[in-house]
Protein chains: 2
Amino acid sequence: MTETDRRIAVFESQLKGAGLRMTQQRRLILRVLAEADDHPDAKGIFTRAFAHDPTLSLSTVYRTMKVLESQGAIERHAFEDGISRYEHADQEHHDHLIDVDSGEVIEFSSDAIEELQRRIAAELGYELVRHRLELYGRKKPPARRSGKKKS
Amino acid sequence: MTETDRRIAVFESQLKGAGLRMTQQRRLILRVLAEADDHPDAKGIFTRAFAHDPTLSLSTVYRTMKVLESQGAIERHAFEDGISRYEHADQEHHDHLIDVDSGEVIEFSSDAIEELQRRIAAELGYELVRHRLELYGRKKPPARRSGKKKS
DNA sequence: GCTGCAAATGAGAATGATTTTCTTATAGCT
DNA sequence: AGCTATAAGAAAATCATTCTCATTTGCAGC
């Protein structure tokens with residue numbers, strides 16, 4: 001709760017600085033986001049928030065996501081289905097591995113891959129601004145001690 | 001033209017094998033795709049093909065793209081704007097670098113990055129099925145001989 | 001070359017995520 | 001408390017993509 005409140009306070013001062021208001025709805029959505037440990041989409045956020053405030057509308061969720069994103073408070077990702085998913089941004093940069101069977105999203109980060117990307121862009125005469133990296137994988141069975149290969 | 005015709009012939013036999021038909025429309029769309037050296041979206045393909053056959057409909061383009069994709073004849077990519085873009089698939093695997101200023105798409109490939117991705121997935125207990133890598137960059141001015149750093 | 005029919009097409013309606021419009025409510029300053 | 005610009009709610013609009021359905025067309029067999 002403390003962590004959530006800290007995030008909310010930080011965001012509130014960011015808003016203030018931009019001449020924007022801290023509303024009940026924004027507070028609520030921010031709380032939902034801070035408490036989420038997955039990557040919910042707009043409807044998912046709406047559903048969770050709606051449980052606490054049944055007057056909330058989906059438009060407000062979308063609008064709020066935009067504000068939050070423009071303030072750098074959240075990150076938006078669109079995986080293969082094209083639907084935007086959100087996560088709060090106060091963590092180090094990371095990429096995503098998506099389990100193709102379950103849809104589960106696993107976060108990872110690799111300095112080596114970041115560096116490699118920068119070098120590739122440079123070789124093409126570009127300065128890397130940002131990137132999108134998604135790995136789609138299937139869970140491997142744990143290694144056997146002396147396994148026979150199975151077809 | 002020869003290359004285009006070869007692609008069309010190959011695709012026709014693929015279709016036949018799947019019990020599907022080679023229609024005028026599919027031939028036309030395939031030709032448009034084979035002649036494209038960029039990454040057009042459905043509307044772009046439609047526009048180019050429509051010039052050759054004004055009875056063509058956009059639905060047919062979408063339907064055909066699905067068939068082509070399921071036969072492995074084309075690849076579909078959705079960059080940041082979420083719109084599907086297509087390119088013919090008879091080339092080695094590659095990733096894309098998008099010029100954030102011009103929108104230009106540059107293709108590149110790197111065995112090192114492929115390998116690194118595979119390793120990262122493996123470390124997380126996954127077998128890499130596929131991946132999506134897009135670099136967004138800005139053109140760097142050509143290096144100066146003894147340049148002073150500019151802000 | 002004709003027939004039959006399953007597959008494909010064209011035109012437009014339907015879908016689904018997201019954005020916009022417009023009217024009403026409210027945050028935050030005085 | 002009162003003012004006013006920003007925000008919210010509800011519903012309509014948008015836009016890419018898919019679907020429906022009536023009509024057309026490949027193509028296999030005669």
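Buried area is the accessible area (1.4 Å probe) that two parts lose on being put together, summed over both. Between chain B and chain A this area is about 3,100 Å², and carbon and sulfur atoms give 65% of that. The model is predicted: local features need pLDDT of at least 70, side-chain atom pairs count only at pLDDT 80 or more, and totals for chains, interfaces and linings use all residues. Side-chain values use heavy atoms, without hydrogens and water.

**Contacts**
- Contact means heavy atoms within 4.5 Å.
- By that rule, 34 residues of chain B touch 34 residues of chain A.

**Strand pairing**
- Helices (H or I, at least four residues) and strands (E, at least two) are DSSP runs, numbered from the N terminus.
- Two strands pair if DSSP finds at least two bridges between them.
- Strand E5 (residues 126-139) of chain A pairs with E5(B) in the antiparallel sense, over 13 bridges.
- A:Lys139 has B:Tyr126, in E5(B), as its bridge partner.

**Salt bridges and the B side**
- A salt bridge puts a side-chain nitrogen of Lys or Arg within 4 Å of a carboxyl oxygen of Asp or Glu.
- Four salt bridges are counted between chain B and chain A.
- A:Arg132 and B:Glu134 form a salt bridge through their side chains (3.1 Å, N to O).
- On chain B, strand E3 (95-99), strand E4 (105-108), helix H5 (111-123) and strand E5 (126-139) each supply at least two residues of the side that touches chain A.
- E5(B) gives the largest share of that side, 14 residues.

Notes:
Residues numbered from 1 in each chain as written. Chains lettered and ligands numbered in written order.
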